Amino acid sequence: MNTLSHTQGPSHPPLLSLTLGEALDATAARWPDREALVVRHEGVRHTWRSLAEQVDLHARGLMALGIERGERVGIWAPNGAPWCILQLATARIGAILVTINPAYRVNELEFVLRQSGCCWLVCAEAFKSSDYHAMLQQLLPERAEGAPARERLPHLRGVISLSGAPPTGFLPWSALAERAGQVGLHELRERQRSLTCDQAVNIQYTSGTTGAPKGATLSHRNILNNGYMVGCSLGLSEQDRLVVPVPLYHCFGMVMGNLACLIHGSTLIYPNDAFDPEATLRAVVEERATVLYGVPTMFIAMLDHPLCAQSDLSTLRTGIMAGATCPIEVMRRVIEQMHMAQVQIAYGMTETSPVSLQTGPHDDLELRVSTVGRTQPHLETKLVDASGAVVPRGEIGELCTRGYSVMIGYWDAPDATRQAIDPAGWMRTGDLAIMDEQGYVKIVGRNKDMIIRGGENIYPRELEEFLHTHPAVAEAQVVGIPCDRFGEQIVAWLRLHPGCDLTTDEVQAWCKARIAHFKVPRHIHFVDRFPMTVTGKVQKFRIRELSIARFAPGQGK
Ligand code: AMP
């Protein structure tokens with residue numbers, strides 16, 4: 001018996017050595033007339049044949065713009081058909097899709113575009129409180145007149161808007177289809193043939209185990225295989241219909257959703273442009289869905305919605321809850337009240353494509369609701385102590401993952417990559433876990449400073465640095481506290497410069513104009529000093545305890 005916390009997943013099914021374009025060709029050839037994509041809020045329906053045609057058209061349009069292999073193309077838009085088409089079209093031509101959180105504000109967008117060196121950006125017109133056109137015009141004032149923005153974003157050659165009437169200087173989305181005629185289908189095929197599955201296809205920004213955003217760079221092989229293995233665990237087939245309410249800019253949507261369906265021939269269903277409990281429940285009922293995804297807070301919102309009890313959800317058989325700790329009670333309610341008898345928990349992180357552990361359909365209920373399962377095929381998991389030694393089973397250690405799913409590295413950040421992935425290929429996750437005798441893993445905490453609010457990760461250090469840029473703020477400390485609705489909420493403690501005065505509303509309004517809404521602190525506490533250790537270090541745990549007592553007594557129990 002292996003008494004150390006180190007396991008290896010099965011070696012079946014075999015890994016695939018395909019690019020995303022080749023996978024699309026195979027599926028379109030095998031199931032041309034089966035439904036591939038349903039986008040309910042846009043009224044769009046594609047079969048695999050028509051989806052592949054759309055992908056080809058837009059891929060040729062991208063080539064007509066002069067986009068070369070390895071160049072970066074950004075997408076800054078909520079869920080919709082163009083998102084999926086662009087993902088596959090950029091992959092077909094060997095470009096690298098940079099997925100940008102639709103909640104980002106100008107500063108965050110500028111950082112990502114510059115760090116990744118995007119040559120084109122595809123954006124929506126507006127979404128919720130975000131006016132993308134206005135933000136881009138603020139960032140690229142000269143672009144409005146049609147001239148390139150050499151200074152701030154030297155790589156950016158142009159912006160494509162999904163709006164029907166883009167501002168001067170931006171191309172409409174329809175321009176890609178219109179320009180497709182300039183590039184022959186054979187040229188596109190030739191481009192696809194020149195690619196290998198080990199090349200980068202996607203960059204996703206995440207702060208990893210430290211505060212500064214870094215671009216996790218993933219290959220065709222990384223993400224196609226992860227989508228494939230996740231789908232195998234769910235038993236996906238061309239008969240399945242999978243509802244994806246999670247955002248596509250994250251691996252949960254674009255890998256576990258889009259690519260799992262692509263490789264298994266299942267139907268992808270987007271209920272709305274962003275999560276909405278009612279639209280998701282209606283999509284399940286009206287599309288007779290068999291599979292449903294979500295982060296825990298989405299399932300809580302669906303279970304609490306009056307429509308849930310009245311809906312016939314009996315077509316559902318399975319799904320995945322992932323992204324944050326999945327409360328056992330919520331898992332039980334999903335099984336009983338949403339008919340998802342085979343629901344599974346998946347665990348992973350962007351840097352590992354994302355899934356590295358998953359519960360299986362045959363695991364008994366107790367393990368299925370209380371652990372994140374066992375190591376996925378072709379991967380290894382180990383738990384280590386502070387010295388890097390593997391801990392015995394039953395003891396807490398930092399979870400590390402090795403195998404095909406580990407990213408190529410952080411984009412243009414070799415030092416950060418070396419810190420995250422050791423020379424033997426292990427990715428350190430910053431999560432603390434316990435492994436039992438059978439290899440089932442429980443996530444018990446984090447040794448990285450991170451808050452997960454409603455499925456979105458917030459890095460206190462990044463937010464503290466941002467709050468320091470306010471002229472009245474002398475010092476900022478950010479912590480997460482439990483919240484029944486969002487899992488966690490953000491609290492900021494601020495010490496102001498002498499003579500300065502600020503209110504909670506003023507701080508929140510200042511943040512809202514500059515950073516994504518989910519990073520805006522829910523509570524602000526103004527203080528003259530912070531709790532300190534005798535050696536003068538701020539006591540974060542004490543700030544957290546006091547914040548819970550003040551703002552969240554009784555939450556998260
Ligand atoms: P991301 O890179 O956005 O996918 O976030 C990855 C982080 O989310 C992990 O390092 C964990 O801290 C957390 N996470 C993901 N899945 C789970 C899960 N099933 N249970 C607990 N935490 C999770």
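Two strands are said to pair if DSSP finds at least two bridges between them. Strands themselves are DSSP runs of the E state with at least two residues, numbered from the N terminus. By these terms, strand β21 (residues 397–403) and strand β23 (residues 427–435) run antiparallel and are joined by 4 bridges. One example is Thr401, whose bridge partner in β23 is Met427.

The structure is a predicted model, in which local features need pLDDT of at least 70 and side-chain atom pairs count only at pLDDT 80 or more, while totals for chains, interfaces and linings use all residues. Residues are numbered from 1 along each chain as its sequence is written, and side-chain values use heavy atoms, with hydrogens and water left out.

The pair β21 and β23 belongs to an open sheet of 5 strands, which has the order β1-β20-β21-β23-β24 and antiparallel pairing. At its edges are β1 (6–8) and β24 (441–446), each of which pairs on one side only. Neighbouring strands of this sheet are turned by 35° against each other on average, direction ignored; the angle is taken between axes, which are lines fitted to C-alpha atoms. In general, strands of a sheet pair through backbone hydrogen bonds, either parallel or antiparallel.

Strand β2 (residues 35–39) shows both kinds of pairing. With strand β3 (residues 44–47), β2 runs antiparallel over 4 bridges, whereas with strand β14 (residues 267–270) β2 pairs in the parallel sense over 3 bridges. Leu37 takes part on both sides: its bridge partner is His46 in β3 and Leu268 in β14. The hairpin of β2 and β3 has 4 residues between the strands, and Gly43 takes a positive phi near 65° there. Of the 5 residues of β2, 4 are buried, where buried means under 20% relative accessible area, exposed over 50%, and partly exposed in between (1.4 Å probe, protein chains only).

A second hairpin is formed by β17 and β18, with 6 residues between them; Ser353 in the turn has a positive phi of about 75°. The antiparallel strands β17 and β18 (residues 355–358) are joined by 3 bridges, and Tyr347 has Leu357 as its bridge partner in β18. Strand β18 also pairs with strand β19 (residues 374–375), in the antiparallel sense over 2 bridges. Here Leu357 has Thr375 as its bridge partner.

Of the 16 residues around the ligand, Ala346, Thr350, Asp431, Lys448 and Asn457 come nearest; a residue is near a molecule if one of its heavy atoms lies within 4 Å of it. By class, the shell has 8 nonpolar, 6 polar and 2 charged residues.

A polar side-chain atom of Lys448 lies 2.7 Å from a ligand oxygen atom, and one of His250 lies 3.0 Å from a ligand oxygen atom. Gly323 places a backbone N or O atom 3.2 Å from a nitrogen atom of the ligand. The protein covers 93% of the 500 Å² of accessible area that the ligand has on its own.

Finally, Thr318 lies in strand β16 (residues 318–322). Thr318 counts as buried because its relative accessibility is 0%. The side chain of Thr318 reaches the backbone oxygen of Gln342 at 3.0 Å.

How values were computed. Axes fitted to C-alpha atoms, helices over the stretch in contact; angles between N-to-C directions. Polar contact = N/O pair within 3.5 Å; in protein donor to acceptor, adjacent residues only side chain to side chain. Areas by Shrake-Rupley, 256 points an atom, 1.4 Å probe, with all protein chains shown as cover. Nonpolar A, V, L, I, M, F, W, Y, C, P; charged D, E, K, R; others polar.
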